[in-house]
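Here is a short briefing on one protein model. It goes from the sheet to the helices, then to a single residue and some backbone details.

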Amino acid sequence: MSTHHSPTRPAASGPAAWPSLRVADWTATRDTLHMWTQIVGKLRLAHAPLLNHWWQVTLHVTPRGLTTGSIPYGSGVFDAEFDFVDHQLRIRSSDGGDRSVALAPKSVAAFYAETMEALDALGIGADFQRRPNEVDPSIPFAEDEQHASYDAEAAHLFWRQLLQANRVMGQFRAHFTGKASPVHFFWGAMDLACTRFSGRSAPPHPGGAPNCGDWVMVEGYSRELSSCGFWPGGGEEGAFYSYAYPEPAGFADHPVGPEGAYYSSENGQFLLPYETVRTAPDPDRALTEFLQTTYEAAAEHGGWERAQLEDDPRRWRQTDTVS
C-alpha cells in the first residue's frame, strides 16, 4: 500500500506573506536572541576554517529558523539550528547524537550553560571568546542575567521576516556573476546580508566596531564592495540597507527607489523601512527596486565593469529541456 503526498505549493509572495513586527514590541527578545545567536555562531568560528570576509561564521535561513550548517569536528561534522516553529535549539552530530535546548524565557547565562552542557553530552568541545562582539557593553555570556526575554510569537515573526528578505535577496543575487557572498546572517550585528564585489582591492578598513578587533573589519572589507541586507532596527519594523565600501563620490546623491528609500548620513548607507516594503502593492518589486538602484549607485559611481559582472539568471531557460 502506498500513500500519495501532494506536492507542497509555494507560499504566496504578496503582501500577506510579509509579517508585521514592531521593533518596540520585541526589543527585549531581540536583544536576548542576539546574544544567543552569538553563542551558537561562535561554534562555527571555533571550528570552521577561515573563508574570505568571515563567510564561514554566518548562519543561514532554513524552513524552520537559522542554522550553522555543517561544522567540521574531528573526522565528522555537527550542526546547530534555531527552530522558531517548535522553539528549540537542535544540535546534531554525524555520529548520531542529538540534543535540544528549549527556546524560552531564560537568561543568556542559562542558555549558555544549557548549550555548553548539550555540547559536552555530544563530546563536542568549543574554545571561543566567551563574550559577545560588536555590542557595548559586552557582558560575558556566563554572567549575563540582564538579557532574559523570549517572546515565541515575536521570534517566529522575525524568522518569517527573514524568510521573505532571504528569498528576494537571493533572487537579486542571481543576476550577478562576479564574486558575491551567499545571503547569510551575521550574528555580530544581527543582520541578514548579501555582498557583491567589484574584483578590486579596497583600502584597509579603519575598524571601530565595539568590542571587536579592527583586524576583523580589515578582513571583512578587504575588497571593494556593495552590500545590502535587513536588520531589526532602523525603522518601526526594521529596515533594509545598502552601502558601498569604499563609498565613491556621488553615491549618496544617486537617485534610488522606491519612494521611502533615503540616504542616512548618520549611518552612511541607504535605508528603506521594512514597513514600506510590507505595505507596498508588490513587496517583492519594491524591495528589488531598492536593491538594484542602490547597487547601481555603487557600481556606476565606482566604475565597476558591469558588463563582466552581471547576467540574466534565466539565460539557459530556453535550452533547458529537463524538468
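Two strands count as paired when DSSP finds at least two bridges between them. On that basis, Tyr-263 has Phe-270 of strand 12 as its bridge partner. The model is predicted. An open sheet of six strands, in the order 7-8-9-10-12-11, has antiparallel pairing.

**The sheet: order and edges**

- Strand 7 (184-186) and strand 11 are the edge strands of this sheet, each with a single partner strand, so one side of each has no neighbour in the sheet.
- From one strand to the next, the twist averages 35 degrees.
- Strands of a sheet pair through backbone hydrogen bonds, in either a parallel or an antiparallel sense.

**The sheet: pairings**

- Strand 8 (residues 191-201) and strand 9 run antiparallel and are joined by seven bridges.
- Ala-193 has Gly-229 of strand 9 as its bridge partner, and Ser-201 has Arg-223 of strand 9.
- Strand 9 is also joined to strand 10 by seven bridges, again antiparallel.
- Strand 10 and strand 12 run antiparallel, with four bridges between them.
- Tyr-241 is bridged to Leu-271 in strand 12.
- Three bridges link strand 11 (residues 262-264) to strand 12 in the antiparallel sense.
- The hairpin of strand 11 and strand 12 has four residues between the strands, and Gly-268 in this hairpin takes a positive phi near 65 degrees.

**The sheet: burial**

- Strand 9 (residues 223-231) is largely enclosed by the rest of the structure, because seven of its nine residues are buried.
- In strand 12 (residues 269-273), five of five residues are buried.
- Strand 12 is covered on both faces. Gln-269, Leu-271 and Pro-273 are buried on one side, and Phe-270 and Leu-272 are buried on the other.

**Helix packing**

- Two packed helices are described by the angle between their axes and the distance between the axes.
- Helix 3 (residues 152-173) and helix 6 (residues 283-301) have axes that come within 10 Å and cross at roughly 45 degrees. That angle makes helix 3 oblique to helix 6.
- The crossing of helix 3 and helix 6 is right-handed.
- Helix 1 (residues 23-47) packs on helix 2 (residues 108-121) at about 25 degrees, with the axes 10 Å apart. Helix 1 is therefore roughly parallel to helix 2.
- The crossing of helix 1 and helix 2 is right-handed.
- Helix 6 lies across strand 8, strand 9, strand 10 and strand 12, and runs at about 15 degrees to strand 10.

**Ser-242 in strand 10**

- Ser-242 sits in strand 10 (residues 239-245).
- Is Ser-242 buried or exposed? Ser-242 counts as buried because its relative accessibility is 2%, and the cut-off for buried is under 20%.
- Cys-228 stands opposite Ser-242.
- Beyond its neighbours within four places in sequence, Ser-242 contacts Ser-227, Cys-228, Phe-251, Gln-269, Phe-270, Phe-290, Thr-294 and Tyr-295.
- The side chains of Ser-242 and Thr-294 make a polar contact at 2.9 Å.
- Ser-242 and Leu-272 are 30 residues apart along the chain, and their C-alpha atoms are separated by 8.9 Å.

**Backbone details**

- Most residues other than glycine have a negative phi, and most peptide bonds are trans.
- Met-190 is not a glycine, yet has a positive phi of about 65 degrees.
- Met-190 lies in the loop between strand 7 and strand 8, and is buried at 3% relative accessible area.
- Asn-211, also a residue other than glycine, has a positive phi near 50 degrees.
- Asn-211 is in the loop between strand 8 and helix 4 (214-220), and is partly exposed at 30% relative accessible area.
- The peptide bond from Tyr-245 to Pro-246 is cis, with omega near -10 degrees.
- Gly-257 and Pro-258 are joined by a cis peptide bond with omega about 0 degrees.
- Pro-246 lies in the loop between strand 10 and strand 11, and Pro-258 lies in the loop between strand 10 and strand 11.

Terms used
Residues numbered from 1 in each chain as written. Predicted model: local features only at pLDDT ≥ 70, side-chain atom pairs only at ≥ 80, totals over all residues. Heavy atoms only, no water. Helix = DSSP H or I, 4+ residues; strand = E, 2+ residues; numbered from the N terminus. Buried < 20%, exposed > 50% of the residue type's maximum accessible area, 1.4 Å probe, protein only. Contact = heavy atoms within 4.5 Å. Polar contact = N/O pair within 3.5 Å; in protein donor to acceptor, adjacent residues only side chain to side chain. Axes fitted to C-alpha atoms, helices over the stretch in contact; angles between N-to-C directions. Parallel < 35°, antiparallel > 145°, perpendicular 65-115°, else oblique. Left-handed = near helix turned anticlockwise from the far one by under 90°.
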